[in-house]
Amino acid sequence: MRAKPLPFELRPLAAHDGDALLRALKQVPHDNPTFFQGLQSGMGLYDYLEWIAVRKSGTRLRAHEVPTTLLFAFFGSELIGRYSLRHRLTPALEAYAGHVGYAVLPAYRRMGVASAMLRHAADRATRELGIAELIVTCDEDNLASQAVIESCGGRFIGTYTGPWSARTKKRYRLSD
Ligand SMILES: CC(C)(COP(=O)(O)OP(=O)(O)OC[C@H]1O[C@@H](n2cnc3c(N)ncnc32)[C@H](O)[C@@H]1OP(=O)(O)O)[C@@H](O)C(=O)NCCC(=O)NCCS
């Protein structure tokens, strides 16, 4: 029988989350440096909140960037995961990156957090952005991410190997 999913809340990062951010930072594995997308050394919480707001608004984007919403998963006072939802795709993003990225801290994996985040992203994309069908991708050897996408009903549409990505990507379509 599948374990009961962890009850967690998905919400934007807020000004009162400084301690949770610091605790989570200590748990981010070295092989997942983009867990806190956009957070650079020397940045304070308010700088990071500003970066997140600017990225969502779509102002000051560089050529390859698109407006993106970042939401964080909290279990009680602990920050345990995050997802990013791109509001639109460039041809390159469509090919290798897709609409959604997600990550969960190791201590909270295999409890349904990523699947719930991906379902939330699909629902939000439909309701707020009018995107009825998401493109979701993962490295071809990322079995965990592949299982997440398939558990949410993702339909495999092929692989991408090419100049935009050093790794071969599996590509899926996902409807709300
Ligand atoms: C991939 C990742 C987000 C999965 O998060 P998670 O919260 O553990 O995933 P879930 O608990 O929702 O698992 C969903 C399904 O995947 C399966 N799964 C999870 N981890 C797995 C693993 N390591 N190997 C095989 N299957 C796995 C679960 O059993 C579950 O299957 P089920 O629905 O049939 O029960 C997490 O491992 C992670 O953060 N990895 C590093 C970052 C990353 O790879 N992000 C994805 C980039 S595309």
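1. Basis. The model is predicted: local features need pLDDT of at least 70, side-chain atom pairs count only at pLDDT 80 or more, and totals for chains, interfaces and linings use all residues. Residues are numbered from 1 along each chain as its sequence is written.

2. Ligand shell. The ligand is surrounded by 21 residues. A residue is near a molecule if its C-beta atom, placed from the backbone, lies within 6 Å of it. The closest are R109, A114, A144, A147 and S151. Two or more residues each come from β4 (100-104), α4 (113-129) and α5 (143-151). Helices (H or I, at least four residues) and strands (E, at least two) are DSSP runs, numbered from the N terminus. The most comes from α5, with 6 residues.

3. The shell holds 11 nonpolar, 7 polar and 3 charged residues. Ala, Val, Leu, Ile, Met, Phe, Trp, Tyr, Cys and Pro count as nonpolar, Asp, Glu, Lys and Arg as charged, and the others, Gly among them, as polar.

4. R60. This non-glycine residue has a positive phi of about 55 degrees. R60 sits in the loop between α2 (45-57) and β2 (68-75). R60 is exposed because 9 other C-beta atoms lie within 10 Å. The cut-offs: buried at 20 or more other C-beta atoms within 10 Å of the residue's own, exposed at 12 or fewer, partly exposed in between, with C-beta atoms placed from the backbone.

5. R110. Phi is positive here too, at about 60 degrees, and R110 is not a glycine. R110 lies in the loop between β4 and α4. With 12 other C-beta atoms within 10 Å, R110 is exposed.

6. P12. The loop between β1 (9-11) and α1 (18-25) holds P12. P12 counts as partly exposed because it has 13 C-beta neighbours inside 10 Å. P12 and R55 are 43 residues apart in sequence and 13 Å apart in space, C-alpha to C-alpha.
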